[in-house]
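Here is a short report for a reader new to this structure. Look over the sequence and the model, then read on.

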Amino acid sequence: MKIALLADIHGNAIALEAVLADIALKGGVDGYWILGDLVALGPDPNGVLQRLMHLPELRLIRGNTDRYVVSGDRPSPTLEEAREDSSLLPPLVEVANTFAWTQGMVTASGWLQRLKDLPLELRITLPDGSRFLGVHASPGRDDGLGVSPEMKESDIQELFSACDANLVCMGHTHLPMTRRWNGIHLVNPGAVSLSLTPNRYACYAVLEATKDDYSISHHEVSFDRQHVIAQLNQLGHPGRAFLIRHLSVQAQ
């Protein structure tokens with residue numbers, strides 16, 4: 001069994017296509033498990049969903065931004081915070097308009113209910129008996145700080161001591177990670193879009209599982225960031241200022 005692990009696509013169909021092409025170039029996979037944050041904040045949420053639905057053995061869970069799109073929940077800053085600090089008003093408006101735009105796009109195309117139905121987690125027993133848990137941020141949560149490579153072991157214990165899994169894969173932090181704690185293998189494939197790696201490449205991982213064992217490899221691939229910037233400008237995307245700043249960072 002060979003599975004591609006993807007997270008944090010964020011409405012960026014161009015980055016997604018680069019990842020899928022790289023997977024195909026390396027021999028393909030049997031299935032795709034996607035760890036949330038599918039459609040917001042990028043310019044092509046419907047293109048992402050249409051492409052995902054054609055993938056084999058697809059498994060999807062929700063991320064916090066998927067929940068924001070369908071529920072009306074919003075990240076910080078809140079209206080109360082903006083009332084106390086007027087400098088927070090511009091980002092508050094940008095965030096509100098971006099999620100409203102994404103919600104309108106997926107609603108008009110008939111995808112909203114599919115997003116509402118996304119589960120919080122994915123549990124699968126691998127061929128060797130390992131218990132796989134897929135989440136977006138941490139067990140039982142699609143938001144919060146997530147799990148960083150430098151997280152203290154005491155904080156990891158608080159999040160994972162009752163997760164009932166040997167292998168936990170998650171996204172949310174936009175940074176690839178492999179870490180082991182108390183018999184649990186913690187893996188983050190990194191972000192397809194809005195990666196926080198120095199080169200800003202699209203990141204993913206591949207899980208290969210047999211009846212004897214499993215292994216995970218990390219991969220990254222460049223994509224046409226200027227094309228994404230052009231899409232954002234052409235659409236007049238309400239969140240384009242933030243997104244273009246991220247996409248314009250010089251690769252290191």
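## The largest pocket

The largest pocket holds about 560 Å³ of space. A pocket here is an open set of points on a 1 Å grid over the protein atoms alone, with protein on both sides within 12 Å along at least five of seven lines; lining residues have an atom within 4 Å of a point. Grid points are joined across faces, edges and corners, and a volume is the space filled by probe spheres set on the points. The lining has 24 residues, and the closest to the pocket centre are His10, Leu41, His174, Leu194 and Phe242. Helix α5 gives the most, with five. Helices (H or I, at least four residues) and strands (E, at least two) are DSSP runs, numbered from the N terminus.

This is a predicted model: local features need pLDDT of at least 70, side-chain atom pairs count only at pLDDT 80 or more, and totals for chains, interfaces and linings use all residues. Residues are numbered from 1 along each chain as its sequence is written, and side-chain values use heavy atoms, with hydrogens and water left out.

## Cavities

Rolling a probe the size of a water molecule over the atoms shows where empty space is left. A cavity is a set of grid points where a 1.4 Å probe fits but cannot get out. The whole structure has two cavities of 30 Å³ or more. The largest cavity has a volume of about 50 Å³. Its lining includes His10, Asn12, Ser193, Leu194 and Leu247. Helices α8 and α9 (240-247) each supply at least two lining residues.

## Helix α5

Helix α5 covers residues 89-108. Its expected span is 1.5 Å times one less than its number of residues. For 20 residues that gives 28 Å, and the end C-alpha atoms are 28 Å apart, which agrees.

The buried residues of α5 are Leu92, Thr98, Phe99, Trp101, Thr102 and Val106. Buried means under 20% relative accessible area, exposed over 50%, and partly exposed in between (1.4 Å probe, protein chains only). These buried residues pack against α2 (45-52), α3 (64-71), α4 (79-84), α6 (112-116) and α8 (225-235). Just after α5, glycine 110 takes a positive phi of about 85°.

## Nonpolar cores

The largest nonpolar core has 46 residues. Such a core is a set of buried Ala, Val, Leu, Ile, Met, Phe, Trp, Tyr and Cys residues joined through side-chain atoms within 4.5 Å. Among the residues with the most contacts inside it are Leu6, Tyr32, Ile34 and Leu115. Helix α1 (residues 13-25) gives the most to this core, with eight residues. A second, separate core of 17 residues includes Trp33, Leu122, Val187 and Ala205.

Which residues does tyrosine 32 touch? Leaving out residues up to four places away in sequence, its contacts (heavy atoms within 4.5 Å) include Ile3, Leu20, Leu55 and Arg59.

## The loop between β8 and β9

Threonine 197 is found in the loop between β8 (184-188) and β9 (202-209). Is it buried or exposed? Threonine 197 counts as buried because its relative accessibility is 8%. Its side chain makes polar contacts with the side chains of serine 195 (2.9 Å) and asparagine 199 (3.1 Å). A polar contact is a pair of N or O atoms within 3.5 Å; within protein, one must be able to donate a hydrogen and the other to accept it, and residues adjacent in sequence count only if both atoms are side-chain atoms. Beyond four places in sequence, threonine 197 touches His174, Leu175, Pro176 and Cys203.

Histidine 246 is found in helix α9. It is buried, with a relative accessible area of 12%. A polar atom of the histidine 246 side chain lies 3.0 Å from the backbone oxygen of serine 195.

## Backbone exceptions

Most residues other than glycine have a negative phi, and most peptide bonds are trans. Leucine 194, in the loop between β8 and β9, has a positive phi near 60°. Aspartate 37 lies in the loop between β2 (31-34) and α2. Its phi is also positive, about 60°. Aspartate 37 is buried, at 2% relative accessible area.

The peptide bond from serine 76 to proline 77 is cis, with omega near 5°. Proline 77 sits in the loop between α3 and α4.
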